[in-house]
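Let's walk through how two chains meet, one feature at a time. Have the viewer open as we go.

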Amino acid sequence: MILKAWDKSMNFAEEKPLKSLIKIRPRKSAKIIRIAGGKNARLILGQLGIGVGSEVKVLRNAPFAGPILLENSGTSVAIGRGIAAKIIVEEI
Amino acid sequence: MKIGLIGQPNAGKSTLFNSVAGYKSATSNLPGTTVNYTKSKVRINGDVFEIIDFPGTYSLSATNDAEAEVRNYLIESHFDLIIDVIDASQMGRSLPLTLELMELNFPLIVVLNMFDEAQRKGIEIDTGKLSEILGIPVQTTIASKNIGVKELFLTAKSLIKKQHPGKAKKILCQRDVEEVIEELEQYLNRNYTRKTDYPSRFLAIKLLEDDDYFLKIVSSGNGVKISKKVAELQKKMVKLRGKPQDSVLAMERHAIAMDIYDQVVKIGSPRRDWREKLDNIVMHKVFGYLILVSVLVAFFYIIFVLGSFVEDFLLSGFDILDAWLASQMNPSGFVFQFVKSFIWGISGGIAIVLPYLIPFLIGLTILEDIGYLPRVAYLMDAFMHRIGLHGTSIIPAVLGYGCNVPAVMATRILTSRRDKIISAVISSMIPCSARSIVIFGLVAHYLGPMWAFAIYVLNIFVIALTGKILSALMPEVSPGMVMEVPSYRLPSYTVVKKKTWFRIKEFVVVAWPILIIISRSIN
């Protein structure tokens, strides 16, 4: 028990682990570190103001491996799971 | 005076256009309603303006053919003025396009539309300050209620007549990136000798963004030399920012936009109402689907009940008229037969078609204008994957229930060519309102509403199968859904009325005369 808590606090002190956007739970925010998709995917996301460095909030996850609903500077954007999996983020 | 209306999808360009030009351009609460340019000459305070309503575009970096088309038309057709229509409640996201438009050196007005919606969200915008920062006039409108539209065109006129000192300021990026842009701009000024419609700074930015279209133009003009320089500077930029070259400048614009946003916007407490809470149910993982099914069942059921009631009532009226005519004339005579078939043609339209068509179109308009369709796309994404498409493809399909032509045109909101082809095929198989009338008027009338419903269910199976076969034939992977989900809007009575008429008109002026002539000749 103590060991676990210690382990957790150690993790916290270190750099936060990078994960895919689909791993972020609803109502949590994350900062985008990298977008591993192709150029077109980056452009389409960029048009909606979503890019490396953006802070987004996950609003909800659709069931049956459906899309993820994000909030980014006041706009709701639905992103399919395929693209979302390629967005690498850091939870904040 | 030639004016272009440009702006991001769902900002209300067409609503603004319609409020001055009469209902000519389709509007709805989903991104990408306008698929082609609508032109109109309008007279405001005695001046004639030629106004062109553009399809919505998020930026001038084209991600698909339609956007490339918009950009080229915009740049090449020399407008006297561009009106940049912005959804005031989404200003932060909309300003990057404004920044791009400013690079084009056209006279420009920024319009903050849907100003009431922004106020409702507690967003207070200092328009004077925004105008000062950008160096161009900023106007506010509520186009759906026709507020501020007249003032807008007065400003437009004074700007065109050069009575207004509206010159877009040069808004610079951060120093390091700005130096790269300037270096390329100067290089282009020296080495790119071809005459071009594009300002050199705009061209430099697009080249640095790795825009295929401009790279092709430039390299076909001056060969390898410029391409090399562009590649070199792109590398420099990637090193500066640690981002891929195609997103450095887009994110730079976004950062500038957010900076301006912070300077001019005060966010108070939003008036929370049903809109915010509604999505918790409508997009819920269980209730969402229950609502979706109930909405569709209720939609068709109400149309059937309402339609058949009115149909029976009107048909009995025509029967009485028939009987009366038979008593007045010789029933086997030519005149009676002629008049009777003529009446059948008319009664077919009035009593059988319109009672179903009118509630159907009103219902579809309301669903569109509230903003329900993007939610349907969200809910259906996972299912659409089963047939090799993604959620966005459901929007053209649903529009197909109204008419298949706009449905096929609406496939422009999809990003890949493959998705467009499959969706276009599928959309054309949806029973449009004219086909629905046959289903309602004949199947439901003679066999009962459950059979009519069964036809729709069968149709969905046929479509799913077709989709599956087509996507097996085109196994390319599509990039997936990236779609803005707009806030709910209450549909305005006048817009619903005008839009329904806009759609019925086609039936009345095209299909109905054919119906009358055919029923006449069959007899």
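Q: How many residue pairs are in polar contact between chain A and chain B?
A: A polar contact is a pair of N or O atoms within 3.5 Å; within protein, one must be able to donate a hydrogen and the other to accept it, and residues adjacent in sequence count only if both atoms are side-chain atoms. Here the count is 10 residue pairs between chain A and chain B, with both residues at pLDDT 80 or more.

Q: Before we go on, what sort of model and numbering is this?
A: The model is predicted, with local features needing pLDDT of at least 70 and side-chain atom pairs counting only at pLDDT 80 or more, while totals for chains, interfaces and linings use all residues. Residues are numbered from 1 along each chain as its sequence is written, chains are lettered from A and ligands numbered from 1 in the order in which they are written, and side-chain values use heavy atoms, leaving out hydrogens and water.

Q: Which elements of chain A give two or more residues to the side that touches chain B?
A: Helices (H or I, at least four residues) and strands (E, at least two) are DSSP runs, numbered from the N terminus. In chain A the list is α2 (39-47), β3 (55-61), β4 (68-72) and β5 (75-79). Helix α2(A) gives the most, with 7 residues. By type, this side of chain A splits into 17 nonpolar, 12 polar and 3 charged residues; Ala, Val, Leu, Ile, Met, Phe, Trp, Tyr, Cys and Pro count as nonpolar, Asp, Glu, Lys and Arg as charged, and the others, Gly among them, as polar.

Q: How many residues does each chain bring to the contact, and how much area do they bury?
A: Contact means heavy atoms within 4.5 Å, and buried area is the accessible area (1.4 Å probe) that two parts lose on being put together, summed over both. Chain A brings 32 residues and chain B brings 36. Together they bury about 3,000 Å², 61% of it on carbon and sulfur atoms. Lys39(A), Gln47(A) and Arg60(A) supply 21% of the area that chain A buries against chain B, more than any other three residues.

Q: Which residues form the salt bridge between Arg42(A) and its partner in chain B?
A: Look for a side-chain nitrogen of Lys or Arg within 4 Å of a carboxyl oxygen of Asp or Glu. Between chain A and chain B the count is 1: Asp246(B) with Arg42(A), the closest N and O atoms being 2.8 Å apart. Over all chains, the structure holds 24 salt bridges.

Q: What is the order of the strands in the 7-strand sheet?
A: Strands of a sheet pair through backbone hydrogen bonds, either parallel or antiparallel. Two strands pair if DSSP finds at least two bridges between them. This open sheet runs β1(A)-β6(A)-β2(A)-β3(A)-β4(A)-β5(A)-β9(B), with antiparallel pairing. Its edge strands, each pairing on one side only, are β1 (18-20) of chain A and β9 of chain B.

Q: Where do the two chains join in that sheet?
A: Go to β5(A), which pairs in the antiparallel sense with β9 (residues 482-485) of chain B over 4 bridges. There, Val77(A) stands opposite Glu484(B). As for β4(A) and β5(A), they pair in the antiparallel sense over 5 bridges, and Asn72(A) stands opposite Thr75(A).

Q: What is the pairing in the 6-strand sheet of chain B?
A: Mixed: this open sheet has the order β2-β3-β1-β4-β5-β7. Its edge strands are β2 (38-44) and β7 (138-140) of chain B.
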